[in-house]
Each structure stands twice: as structure tokens, then as C-alpha cells.
Amino acid sequence: MKESRIRHLQNKYPDVPLPVLIKAELLFNGVRYTPELGEAGAWAIPNWHPYRFQEGEENPTGKDSVNIPYLIILEGGGLVRILGNGNSPYNIVRDIDGYALMEQDEKITTIDFQKKPLWHKKNTSDGTPMVQAGATQHCDMLILNPTPGCEYFLYTNEQTGENYRCKFCHYGVPDKRTKILGQKSGIGDISSEHLNRLMEVCAEASPAIKHFYLVGGSMTDIDEEGRRYLQLAEALQKVNKSNIPVCCGSSSLKRDALLRLRDAGVTGACFNLEVWDEDIWKRACPGKAHFTGREQWLKGLTDAVEIFGRGNVMSAFVAGIEFNIEKGFGNTDEALQSCVNGAEWLLRHGILPLYSIQWPFTSASAKKFPLDSVLDYFIRLNASQAGLRKKYGLAFPNDFVCHRCTYMQLECDFDFYLK
Ligand code: SF4
């Protein structure tokens, strides 16, 4: 009998806890459609991407695509983003415990789906649906994003003709969300009408929340961006009656802005560097390199540690861009070494790196790096990071992320199961 993928991974990575391997597998391979997935789509937090049936795939719905849930809760509490994939070996069925994740006919674990929070059905006092207020909830984290449009998309390098957006990013494109939220290019101010609606959501959601995360698209002027986050933090401070930790997920701001944010109730920061290798960083994140610069990005991080404390500052990275990008690393070992070098620097300075994965996005990189080799890279990278966190005396969860809310990363799961 053929060994299942999960058993194969357990044999290959005996030191990696099983729930971490299951989560990694789901991130990479997703799940096939079953009626249970379609039914849960009606009451769970909806996926940004509906399930699209492949040609020839069994389709009991008669539709080309159907809404499915966004998040799976694994036994033990870990959260995973759902990727619909007609070729996946995994699917979800009902069983005596609720729902079961199956690899073909073998039950892997009990799961549930993240339900829509109650505020999803409510309106703000001016009658606006709360779901349009610029907040999203992932289990115990409320993300406040009243300005999702990133200004880098609006500018082009005159010499090269290249857009300044990060090469892996699509979510920051100014679109109808930015219009609905009244966001204006070059202006940090959030209109009081939109801010008030968002604060009503915060007050409503608070009892189930353990972390507030402030985020938004980048601005080309970080001083103006700092003022935007200050306005947001000051508004939140008034409704954050239980002193829930607040993390600022802006560009890497200057020290005076960070001090003002601390006075407005912010307790941590996450300035996403995205890539450690400096040459690849400049090419992968041309807007960050041009409008903020590497020196300020690192200085903002170390200033933030002085102000908020060791372990209260994070930086997110996109694992995979190092070899997916043109003229990137030629193999995953080189990429891994670069990430380890970066993590050594960051952790030594009290900053926790977090990695999400980027799949090969060109046919050339997909040929060179088959999905299983990228999965292997992601698991090895996370295992090495767990060791480095121990070496520097830092660990997850901190006040700002835990294994119940990080749905694309493995760090919190590693530390939760290896503690
Ligand atoms: S800074 Fe980069 S990753 Fe962030 S929204 Fe802008 S383009 Fe996207």
C-alpha cells in the first residue's frame, strides 16, 4: 500500500510536530471540493477566492465556482487558510466529531471552520454594514485596515519604467475598497466618518479579541504615514477599554512617530522587510527601497525594540521570493542560508521574523522549483528559525500573534507544540 503524504512527511521530518506538518501540507496542497465545504461556505468567514472547479473534476454543484470558507481551525487551535485545489489529496467530510480532514480515505485530524463573527451581521449606527468598515477578524486578531490602497502602485521608476509595487503583491492595489473607505492618495488623514464606523466594529468585536493589528497600504511619505497611524491609534485608544495589545503594521517609521504611537496606546510594531538579501530586496521591493530605504527600515525596527521592548517587534518575510525572482538564488540552500543570516541579525536585535510562503509564479521558476521542493524549503526554514528563536531567548506567542490567528505562517505553531 502506498504511504500517505502525511506519514511520508512524518518520517522525513521526525522532529516537526504533526499539526505543523498538516498545516504546511494544507497551505501548499489545499483541499478538494466536497459538499461539506460548500455548505460551510454559507456560515463560515468567506474565502476571498471562490472554489473553481477544474475541467473533468467531479462537480455536484452544476456551477463553475462556489463560495467556500476562508479558514480551517485544526485540532489544537491552529488556523490555516483554505486553498481550493481539485488536485489535492485532501478533502473534508462530516464525522462524529464534526468535520474530518481526510487524505484520500484516511482521517488525518478533526477540524472546524472559522465562523463569521457576530459583528458581520450588524450595521454601524449610521446604517453601514460593519463588514464594509475596513476590519477583518482572524480568530482572536482584529485587523484594522481603513486605508488598504498602497501608493507604490501609483508610481513608476522613470528610468526603468518599472512600477514601485513589491513584486509579489496584488492585495495593495488601489481598487473599489479604497473608494468605499474614502482613502485619498498622498493624504494620511482618515475621514472621521470612516474612522468612527471602524471604532464601532472594534468595540463590538473586542470581547473575542486578544490582538489588534493596525495596517494599511504604504505611503510614499513615511512622516505622513506616521500621522495616519497616530490618528488610528488615538481613536482605538478611546474604545480599547481592556487594553488589548496593539501592533502597528506600517512602513518602518521614524523614532519620534514611534514615541507618539506608544503614547497613543500602541504596544508593538511589525515593519515588514519581506526579503533579507539586500540586492534582491531592492529588486523585489523597489518602493520600500526607494521611498523609505534600507537604512531607515532597519533603524525603524531597532528603534521600535528600544521603545516597545525585545520580542514586541516583528518583521514579516515572503519566503520563496529569493529564488522565484529573476537573478535570485539558484537553489534553496543558498536562499535558506540568507534567511538564517537575516534571522540571526534580527533576533540578536530583539526582532522576531515571520515567514509566509510564495509559490513559484513563473513557469521557469515552477520548473526549477517543484512544489514539493518549496514545501521542503519552507519546513526546513521554519525548523531552523525555531532553533534560532531558542538561541536568542525569544518565542511565540508574543502579545501580537499566536497559533490561533496566524493562518499563513508556521512559527507560532512550532513554538506552541515544541514548548
Ligand atoms: S508595501 Fe509592498 S507588500 Fe505592502 S501593500 Fe505596498 S506593494 Fe504590497
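1. Basis. The model is predicted, so local features need pLDDT of at least 70 and side-chain atom pairs count only at pLDDT 80 or more, while totals for chains, interfaces and linings use all residues. Residues are numbered from 1 along each chain as its sequence is written, and side-chain values use heavy atoms, with hydrogens and water left out.

2. Ligand shell. Around the ligand stand Cys-150, Tyr-152, Phe-153, Arg-165, Cys-166, Phe-168, Cys-169, Tyr-171, Gly-172, Ser-218, Glu-274 and Lys-288 (a residue is near a molecule if one of its heavy atoms lies within 4 Å of it). Seven of these shell residues are nonpolar, two polar and three charged. In this division Ala, Val, Leu, Ile, Met, Phe, Trp, Tyr, Cys and Pro count as nonpolar, Asp, Glu, Lys and Arg as charged, and the others, Gly among them, as polar.

3. Five-stranded sheet. Five strands form an open sheet in the order S4-S3-S7-S6-S5, with antiparallel pairing. Strand S4 (79-81) and strand S5 (90-95) are at the edges with a single partner strand each, so one side of each has no neighbour in the sheet. From one strand to the next the twist averages 40° (axes are lines fitted to C-alpha atoms, for helices over the stretch in contact, and angles run from 0 to 180 degrees between N-to-C directions). Helices (H or I, at least four residues) and strands (E, at least two) are DSSP runs, numbered from the N terminus; two strands pair if DSSP finds at least two bridges between them.

4. S5 and S6. Six bridges pair S5 with strand S6 (residues 98-103) in the antiparallel sense. Ile-92 is opposite Leu-101 in S6.

5. Hairpin. Strand S8 (residues 135-138) and strand S9 (residues 141-144) run antiparallel and are joined by four bridges. His-138 has Met-141 in S9 as its bridge partner. Two residues lie between the strands of this hairpin, and Cys-139 in the turn has a positive phi of about 55°.

6. The structure holds 26 salt bridges (a side-chain nitrogen of Lys or Arg within 4 Å of a carboxyl oxygen of Asp or Glu). One of them joins the side chains of Asp-376 and Lys-12 at 3.7 Å, N to O. Asp-376 is in helix H14 (residues 371-391) and Lys-12 in helix H1 (residues 5-12), 364 residues apart. Asp-376 counts as buried at 16% relative accessibility, whereas Lys-12 is partly exposed at 46%. Buried means under 20% relative accessible area, exposed over 50%, and partly exposed in between (1.4 Å probe, protein chains only).

7. Salt bridge at the sheet. Asp-97 and Lys-107 meet through their side chains at 3.1 Å, N to O. Asp-97 lies in the loop between S5 and S6, and Lys-107 in strand S7 (residues 106-113). Lys-107 is partly exposed, at 33% relative accessible area.

8. Salt bridge within a helix. Glu-193 and Arg-197 form a salt bridge at 3.1 Å, N to O. Both residues are in helix H5 (residues 192-205), four residues apart, about one turn of the helix. Glu-193 is partly exposed at 44%, while Arg-197 is buried at 13%.

9. Gln-183 sits in the loop between helix H4 (176-180) and H5 and is buried, with a relative accessible area of 18%. The side chain of Gln-183 reaches the backbone oxygen of Gly-149 at 2.9 Å.

How values were computed:
Polar contact = N/O pair within 3.5 Å; in protein donor to acceptor, adjacent residues only side chain to side chain.
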